[in-house]
Amino acid sequence: MSRRLLRSVSALFLLSACACPPEPFGAVPDAGQLEWQKMEINMFCHFGPNTFSGLEWGSGAEPEDLFNPSSLDCRQWARTAAAAGMKGIIITAKHHDGFCLWPNPVSTHTVACGSWRDGQGDVLRELSDACREYGLKFGVYISPWDRNDPDYGTPEYNSKYAETLRSVLDGRYGPVFEEWFDGACGEGPTGRRQEYDWPLFHRTVRELQPDAVMFSDVGPGCRWVGNERGSAGLTNWSTLDIDGFSPGAGAPPVDTLQSGNRGAASWIPAEADVSIRPGWFWRESEEPASVDALMKIYYESVGRNALLLLNVPPDTSGRIPAADSLRLMEWRARIDSEFAVDLCRDARFRAPCRPGFPARRLGDGDFDTYWSAPAGLLTPCVEIEFPSERRFDRVVLQEYIPLGQRVCAFAVDAFCADGWQEIASGTTIGYKRILLTTPTSARKLRIRITSSLASPVLSGVGIYQSNEIQ
Ligand code: FUL
């Protein structure tokens, strides 16, 4: 054999033996967005003058002394969030009333101007320290709408707001994983509205906290889910068309925010924000939601490819009330018991695959290993055989999103006494899709992908027994 021929033959051999991963498809998450998505549940804390006035939107004219928590304990917030399985806390560092929970040097409406701790207190310092201590990430909501600042409604306000961002994000409180940009743009104290300089705001965040995910109606890091019920669309693409749209009044319609846009150019996954109580701020007369209501929220957010941001408002003492923390623990216990045992772990997975990406990876419980259908196969079927009959009513599917979101439609069949029966079907999967099925007993299960934008790449399939059938 000539040398040239030998070289070509060995090159061909190497090529066929090589487990080349599929090319990414379309928009994909950046490293910060991927880490963010894996957090699954975070805590939102609405806290400020409204906690003391009982208002949802303060007027901005509240005296600084109104903010006066009697025994602020951010470590208790962090302990509670960590025990509830949350991975980060986002605090309303400044709500629409303009009051800053840290000594913002460009404002006269801050903790430094009131009597709480003789003007020496700093809620962001205490919360960021507490988050670090409990292994949580720290995030901030800093409202652009400001009902106190006399410059609101003038170009000066935009630079002042950028300075405000700087005084939180410049590293003095450590890394900030998410900056929550509320799109609300009402009137300021002089009756004027502001034209926000979004490019300036985004540049400021990027410069100071390159990995922070920026929330707004249109990202760029993540998007509002279109409602405050904690409920994503049954179809929920992490991709969104943002051309011609802006946060607030210029946002896409809410049904688009709930479902995203199939195959769109930007990766902007949904974040579902909802409060455990009727209001965002604490009020004595209100009660936390029931465990069943929280489970519904969990299934309709995390279970539909969204991140859940659950608001748990501290009270006037500066602590999360016992009723709320107890409810969170009951909720966590319910999630843990429903997802305690993946009944798929000892199953045999069979599916056509790309060389090197076999179906058994679907059952290894590791998000970072995945099965890939062969190139060009858009409607593959995965068959799962259990060593013995399994009874279940939850099916969990995960796409390996670092390579893009691909699946448009699928169905799940169980092999029961009468043969194959469809027990669930859906459209998108994304990072995580949880299907609630009728209680089913089966020896075999089949995931039929019936439509996709590119060869599907899944990282896991799991089946579970909820409390109802345990
Ligand atoms: C809204 C605000 O107006 C509410 O007060 C609350 O902070 C919610 C999370 O975002 O736009």
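The largest cavity is lined by Phe 47, Gly 48, Pro 49, Asn 50, Thr 92, Ala 93, His 95, Asp 97, Phe 99, Leu 101 and Phe 281. This is a predicted model, in which local features need pLDDT of at least 70 and side-chain atom pairs count only at pLDDT 80 or more, while totals for chains, interfaces and linings use all residues. Residues are numbered from 1 along each chain as its sequence is written, and side-chain values use heavy atoms, with hydrogens and water left out.

What is a cavity here? On a 1 Å grid over the protein atoms alone, a cavity is a set of points where a 1.4 Å probe fits but cannot get out; a pocket is an open set with protein on both sides within 12 Å along at least five of seven lines, and lining residues have an atom within 4 Å of a point.

The volume of the largest cavity is about 30 Å³, where a volume is the space filled by probe spheres set on the points, joined across faces, edges and corners. Both α3 (49-53) and β2 (88-94) give at least two residues to its lining. These elements are DSSP runs numbered from the N terminus: helices (H or I) of at least four residues and strands (E) of at least two.

Now to the pockets. The largest pocket has a volume of about 610 Å³. Its lining counts 31 residues, and nearest its centre lie Glu 40, Phe 339, Gln 398, Lys 432 and Tyr 464. Which element gives the largest share of this lining? That is β17, with five residues.

The ligand takes up the space of the second largest pocket (a molecule sits in a pocket if more than half of its atoms lie within 2 Å of its grid points). Around the ligand are Phe 44, His 46, Trp 57, His 95, His 96, Tyr 141, Trp 180, Asp 182, Glu 228, Asp 273 and Trp 280, each with a heavy atom within 4 Å of it. His 95 is also listed in the lining of the largest cavity.

Taken alone, the ligand exposes 290 Å², and the protein buries 88% of that (Shrake-Rupley method, 1.4 Å probe; for residues, only the protein chains shown count as cover).
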